[in-house]
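Reader: I should like to learn how to read such a model, one feature at a time. Where should we begin?

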Amino acid sequence: MLWLPILIPALAGALTFLLGERRTRRRNTVNLIAATAAAAATLSLAGAAFQGTAAQASLPLGPGLQLAVRGDLTGLLFACVVTLLWGVTLVYAIGYMSHDRNRARFFGFFAWCIAAANGVALARDPLSLFVFYEILSLCTYPLVVHSGTPEAIAAGRKYLLYAFGGGAALLAGTAWLVAIAGPVQFTPGGALLAAESHTFALRWVFALMAAGFCVKAALMPLHGWLPSAMVAPAPVSSLLHAVAVVKAGVFGIVRLVNDLFGPELATSLGVAQPLALAAAVTIGVASVIALRQDDLKRRLAYSTVAQLAYITLGTALCTPLAAAGALAHLAHHAVMKITMFFTVGSLGQTLHVKVLGTMGGVARRMPLTMASFSVAALALAGVPPLAGFASKWLLAGGAFESGDWWALLVYVSGGALTLGYMVPILLASVRPGAHEPAERWESDPRMLWPIIAVALASVVFGVSASAPWSPARWALAAVSPVFGGWTP
Amino acid sequence: MTALGSAWLWVADSTSVLFGSLFALVWLAGGVHSYVTLPSAGKHRFFAYYLPASLGGTATAFAGDAISFYACFSLMSLASWGLVTHSGTNASRQAGAIYLALTALGEALLLAGLVALSSAAGSTELSAFVNLAPSPGATFGAALVLGAVGVKIGALPLIGILPLTYATAPAGAAAALAGASTKVAALTLVRLLPFGALPVAVSEAVMVAGLATTFVAVAVGLFAVSARGVLGYSSASQMGLVMLAAGSGLADSAATELARGAILTLALHHGFAKAALMLGSDVVPGLSPGMRRLGTALLALPALALVGVPLTTGFAAKYALKDVLLALSGVLPETVYALLPWTGVGTALLMLRFFRVLANERTAARSAAAWPGWVVLLLATASAAWLWPGAAGQAAERGMLAVPALVTALWPGLLAVMLVVALRLARVRPPRWNVKPGDLLLLAPLAVGAADAALALPRSRRPMRDRSALPALLLRAERVWVSWPVAATAFVVFVLALSALTAG
Amino acid sequence: MTLVDHLPAALIMTPLAGAALTFVTRRRWDPALVMVTAVVITGLALALSVRVLAEGAFRYRLGGWGAPLGIDLVADGISALFVLLAAVVGLAATAYATSYFGTGDEDAYGRGLVWALWLFLWTALNALFLTGDVFNVYVCLELVGISAVALVTLGGGADALRAGARYLFASMLGAMTYLLGVALLYSATGHLDMATLGSAPTQGIAASTGLVLMVSALVLKTALVPVHFWLPTAHAAAPSPVSAVLSALVVKGSYYVILRLVLDVTYPGQLPGLDVTLGALGAASIVWGSVQALLQTRVKLLVAYSTVAQIGYLFVAIPLMRADGGIVGVAVTAAAAHAVSHGLAKAGFFLSAGSLQHRFGHDRISEMAGAARTTPVLAMACAVAGVTMMGLPPSGGFVAKWLLILTSINVGQWWWAAVMIAGGLLSAAYTFRLVAVFVAEGAGDPGDAHHPARTEWLPLLLASAAALLAFAIPQIDTLVRIGMNLGRAEVLP
Amino acid sequence: MSSHLVYALVGGLLFSIGTYGLIVRPHMIHKIISTNFMGSGVFLVLIGLGNRTPSGVPDPVPQAMVLTGIVVTVALTALSLAIAKRYFSLTGRGDISEHREERVG
């Protein structure tokens, strides 16, 4: 059962490859069925996890080596985000890619990426996490270079350089960890009690593993690949470069701090603070860079860099509220940013609008799309009662709680900067321009409905943040064992 | 938001009712005025912003917890951006950008303050905030909230923000912004700050900042070129007094209740008066000469109130402020107390300037339908502070209505008039510095542009390395290496070396 | 003695019989005949593994003579594993070759000899993996060499002949050196049987020099840097199925013998510095081979240099096997796993490269843009094979690398880990250099996808098997430990 | 010095000469002959060092090895001659030194 969220997309991907390029209808059916099945499996696992039964399963890979998964709340939150958004993105992608070449390759690797991301989410120990993390790195490449243009190839090369560099650091860190601490499993609150005396080695292990994760988490100065990777088709930017891949990086940091080292050890070793500082700097610098981007996707990419650093900072602060906020933001940012990338993709595909300067009249031409975008943009800026506010409230509260008041200021000024780089997009869209109102559908309905759906999600997640099923509450429940059963 | 407490909690205490009435009336009057005066093109767009802004603005008065307070505050602030930029001119767009930047800053500070205060209080309920015990966290949070308020009301050095927005927004919107929106800042002070629980340094800093804002705003405002610009500086000056009142009550628990009362009275009085002036400044210039005289006369009422002429609401407000200062002891409160009448002089000068500028302004004729909103506000100005339950009785009790107090309150206005008359007689012409509403803030876009240009400096591209050199070298090395004689010799050497190594 | 006890002999006799039959039967029956033989061999190899797993290692006395005069065959875990690898790769290569050699010029140079040579090679390989006698190793190595060289020259052109000749002379240089070593070892010990040699170690310069000569010769035949000179040209010039077998199996044959010598024959401290030297050369191979692969402009040369690099990992494992004075079991498992994983992947890689060459009419990397769309199965095979080269999960190469890295940190020799991690990055560089060209869109439109020929799925199948081998490592681990000389010590499970 | 040792030393000498020729001589026929030299050298060493039985009865194992070795060497020689002939007929040359046309990169 636990393997299903990984196996279903993996098989769907394989089947997609075997079906080949021409059998479009069958390919779409297979993928949509798989997405539904995977969503059902993930949600039922989450239900079980809320009941308090964290199932696990493992597969031996050699002497002292196994691939193991466990369905705890932290992992399942990420898995649910990835899997549910996979379905939405599929619908969008079927519309978006309807005239593209190499669709079998696209959908196949796409599904494999989902499988790998779910693996990252559910991995029980650092090694299993590494395994899925590397598979994810690998499967993303064909999607980055999908268009095959020299620009895409160059972006792919850059991506690989970063991804495998990070992978190498992660491998070294993980191996070192296993060498000093044995085959440890992620345990809320820390798993390294027995190895605490190796302070030198543990610091290095943390640095290496964090460096590995930070590449995907696009923490500055390891963020260079993300803006370039925006040459990928919009569904890739939406789901992978705003949700699955980059979040796998921050999720790794969450696991590293919360469940491997534990907040206490991470603080006492003095490794969490530099990470927090790097994240804070990233928030500031990336937001300022985002202000200056004319290309819409690049603007969003730098925004992603900044927002991911919110999560990293929250985790590195090592307080319950901040950790919960980080996890909640992982989910909230997913729905908000995917809305924006969908929108930008839709603008590009429908109107060939890709830069800020040509957006005049877009709001009249695509009112529903731009309304959805506005909701997401305001949510991202932390306007209540939308989703971004809920997570930012927790993060800021956690920052205050930890006594790191500067982090609180970082969070709120990050919010101000978010407004700064989002509002110009809204403004540009209402400026007069060449586009006239559409006659019937403002864009391919397969692209429109997903946008509205995810925009609604960023409203619902915020408004009902205190409902028992909301990501915010889920995150609070997930971090509770990390801090010894803490409850708000 | 169970993490820190409850959300969407609404309260209706006396403060809510007071501010709620003020906000509702001012937004309503501004709305009616806008509805009748704005051209129909773009009217629905205006109200698409005006209605949310008024909703958010009015609802802040009833917000009982940090989250709903912040939500309402944000709704009002963000939606007001549409009011500032309504005319669509370049100037309004620029004003909108500046407004938005400052709003974002203010929101950020407010959010941080709210987070800090709720963490310190262990609850998101606003009632818990005001009763906070002294702690570094509470001080930090309060300082952030004060910063947010400072941005909102345009305290030094951001004095230009109010005149800038008032001068750019349509008159109805300007009235609402001046009468209601800035008063949300006063509400914020009353609702969020733990009066009496903060360090003396904070209290004194706020007092100094408030007083400085008051005087500097007057000084700058005297050179403002538009009527609404002058009013904007006057607002900044008046809000400086609000800060002064707040500052005086922050540290000393003896002055706490008095300070809160003073803030309430100041807000109420200034809210109605300034809104009335704003609408009046739109209606009067469009009147026929005869009616114009009547209109100007009517406008004198809120102007006199602002100056604090006896029996006006402004008089009550000034009196309340004096009460607070008297309750304090120390060098600063005494100095401030001594300087306080001079703020009246400043306000009087500003009002004279206002009428002078207004006399030169011409606008399109306004229909009769533009009158009701204005007149209602005039009536409210005249009566609000007195109609407030118990206010008159309290005033009598405190000796406010005794002759000496009344006389004391008269001289700043008279002094101002005499000053102007004297200058006229002496034929001293004041320097003609025409300050555009917004003053220093107008330089901000230039600064941003410069920073942008600096960041955009072409990054020095590293010279392209000769990339073919190393690979070619490596390939040549391999070619030599694999040639038969070299390779076979290498094998022999390898065998001999290995034998030598292992034998040893 | 039951029938299954004759499995070792059967594994040698079956391909030999098949080879002999090709001379007798009609030419057009050859492919079918060879396929049947390959299937039978695979069955036998499976049976041998099952038998070893079930009942442990056993010796088979050829002709009933027995050591010291007779020649013994030894079937233990490692030999069974290598026989099985040879069978799987051989079966796939045979199936691929029936299509590869079945088309085109029937009368091309040496075409009639392909099948016989191939089955001879298989015979020699099986014999090599099963023999327990150092002199018999010499004979088997020479048989492997002769058939392999002949197969390389089947390309027929001057380039292929020159590559074959270089291969042949290198092979002879190695063989003579090996034989000299055997002579010295025999003169010192009086034994040729590996087990006997291992159980009664002899001190002295003659024995140690003999062993050094033998190991050096095997290093030459395995093409470790700095004596890798013959491999790239030979493997690149051979017909693709041959390249696949050469890279996947033939170099593993000589490595297998080194493994035997290290594990069974030498004793700790007998050849001081040998382990570390081999490890260091392995590291050099990883780096140099990868760098050269990265610089190549032709697919087959790239793949051939990749073999040089991958062999390096096998040698880095050697100092780790002996790190604690005994034998570290995981390091042996890692080496075996890597050999198998690389064997499968490299066979897939070469077969795929062959088909690409066939489709494009050349094997210049720069002119293969768009291959991922026109020949998706082949491009995918290269990419999946690359996963193993890079040592990424879930390939067998990953588990091998992980175990080696872990062992090297555990025994305090972290520098091997550093080299292996760097090697992974370099492999990624050359793999993706290829893949990037495949996914790029060329200037002109190369048209729609070809319908993949049935045999074009074979490389993908092999590469996928390697890429998923991690899940079979527990079984390989069990198999490898059967009969291994593990009596001394282990530091890890 | 026993005669066995003389055999062995001569064998070593032959092996060295053969190795030298194999490395240095570019022509294939020279190389082939050189390998035969090497083989003969090894066989001499085998014979020379192989007789270890104190009784003086010759040890049959080295003899068997030498015989097998000769067979193998003959096969190798045949194959290499065939390649050399074919190469000569294709290119008209007998040397495989690569300094001119060996292409790796």
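**Fold, helix and interface**

Author: Chain B has 20 helices and zero strands, where helices (H or I, at least four residues) and strands (E, at least two) are DSSP runs numbered from the N terminus. This is a predicted model, in which local features need pLDDT of at least 70, side-chain atom pairs count only at pLDDT 80 or more, and totals for chains, interfaces and linings use all residues. Residues are numbered from 1 along each chain as its sequence is written, while chains are lettered from A and ligands numbered from 1 in the order in which they are written.

Reader: What box do the C-alpha atoms of chain B fill?

Author: Along the principal axes, the box is roughly 120 × 55 × 50 Å.

Reader: How should I read the length of helix α10 of chain A?

Author: The expected span is 1.5 Å times one less than the number of residues. The 20 residues of α10(A), 272-291, should therefore span 28 Å, and the end C-alpha atoms are 29 Å apart, which agrees.

Reader: Which residues of α10(A) are buried?

Author: A residue is buried if 20 or more other C-beta atoms, placed from the backbone, lie within 10 Å of its own, exposed if 12 or fewer, and partly exposed in between. The buried residues of α10(A) include A272(A), L275(A) and I283(A).

Reader: How many residues of chain C are in contact with chain A?

Author: Contact requires C-beta atoms, placed from the backbone, within 7 Å. By that rule, 34 residues of chain C are in contact with 31 residues of chain A. The largest share of the chain C side, eight residues, comes from α17(C).

Key. Two residues are in contact if their C-beta atoms, placed from the backbone, lie within 7 Å.
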